[in-house]
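Trainee: Could we go through this model together? I would like to start with a ring and move on from there.
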Amino acid sequence: MDISINNSVELKRQLRSTQRAFRLRTFMLVMPLLVFLLLSFLAPIGVVLYKSINDDVMTGIMPQSAAALREWDVRATSLPPQGTRDLVARELQAAAKSREISRVATRANFERPGMRSLLMSTSRKLMALEGTPDYEALIAADGRWGETDPWVGLKYISSDFTYHYYLNALDLRQADDGSITSQPDDLKLYSDVSWRTFSISFQVAGLCLLLGFPLAYFLANLPSRTSNMLMVFVLLPFWTSLLVRTMAWVVILQPEGVVNSALMSMDVLSDPLPLIFNRFGVLVAMVHILMPYMVLTLYSVMKAIPMGYVRAARSLGAGPVMAFFNVYLPQTFPGVFAGTLLVFILALGFYITPAIVGGAQDQMLSFFIADHMNNSLNWGLASALSGLLLVGVFILYGLYARLTMRKGEK
């Protein structure tokens, strides 16, 4: 009896040891992939999200002024205390001498247009002074320092973290009394751009589904040898650069392009059609680029659907249309949802294609993100726009997961 118990304990111990070794080997095998995902995917996303709330320019260059301005009640109608104003004058002079004032001026200008010129001109005059400047030197340099608006602009950049980038991305702003209000109509931009981005992506996903479903159905019901051969034509666009495919549509759709030239040579048209640098050209090019993703997703699902179900429905008296819609189509819903979501998410991030074949009113959110990163150097706003786009993708994925889960339960 004791021997049996000892053997049982020993077997359990060996089993646990074997399981631990198996889990360790499995973890070591996936470790390179985890490191790659961390460095190439999760870390950049974390940096972007951090940049969207990080605001350490003034706190790093003018730390004492930033600390003093944080104590000032922005809702007050009076200027900051005299000591705070003198402190700002001194640190403006120091920042000018260290050549760091341009960073503060650029950041302040994002909050209050005109702050860059005010800070740069003031700092140049303060740097020419001998001794330590005070508030009177600020007033002598520029009379606008006697108003509250410049001080409010500095107040809003005096913290290490801010939510103002997200306010700008949502076409909102913080008023002088601290309340959140809508941007003036002439300054609103990103709400319309966001709506345009989601609208174009939805249209592209719908067109890809409308055109890709019959093609995937046709390929899935062909003999394997024939469907595999025809699948090469679906995969062929993947072997060509995205930029080359986009430029090819410029050649095809331009007023002197293939389409207009052919129609005019057949006397179908007297004047070329506006097929490019508008929404039509954007949709055509994006659908062409993203169509393979929809077809492959639908094909993988349709290929696994037994056609015996449809034949059984036909044998029970259902017509071909009723058998298709009541028996076959519901089984394709996982592929429909997955393909539509995949194309929609990929379309959200398009930048090159709308920039080349679209007009000024067809640029998507990625265009403005790239513009802020490369031209205006407003990385905080670019990060906030990217963060909002990421949140939108997560919401859509959550809705998709819940929808597919409910259908799986049924």
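Mentor: Phe 238 is partly exposed, because its relative accessible area is 33%, where buried means under 20%, exposed over 50% and partly exposed in between, with a 1.4 Å probe and protein chains only. Residues are numbered from 1 along each chain as its sequence is written, and side-chain values use heavy atoms, without hydrogens and water. The model is predicted, so local features need pLDDT of at least 70, side-chain atom pairs count only at pLDDT 80 or more, and totals for chains, interfaces and linings use all residues.

Trainee: And Tyr 293, buried or exposed or in between?
Mentor: Tyr 293 counts as partly exposed, at 30% relative accessibility.

Trainee: How are the rings of Phe 238 and Tyr 293 placed?
Mentor: Their centres are 5.1 Å apart and their planes at 80°, so the pair is edge-to-face; rings of Phe, Tyr and Trp (its six-membered ring) pair if their centres lie within 6.5 Å, with planes under 30 degrees apart stacked, over 60 edge-to-face and the rest tilted. Phe 238 sits in the loop between helix H11 (224-235) and helix H12 (242-253), while Tyr 293 is in helix H14, 55 residues apart; helices (H or I, at least four residues) and strands (E, at least two) are DSSP runs, numbered from the N terminus.

Trainee: What about Phe 333 and Phe 337?
Mentor: Their ring centres are 5.9 Å apart with planes at 35°, so that pair is tilted, and both residues lie in helix H17 (residues 333-348), four residues apart.

Trainee: Switching topic, where is Pro 306?
Mentor: Pro 306 is in the loop between H14 and helix H15 (308-315).
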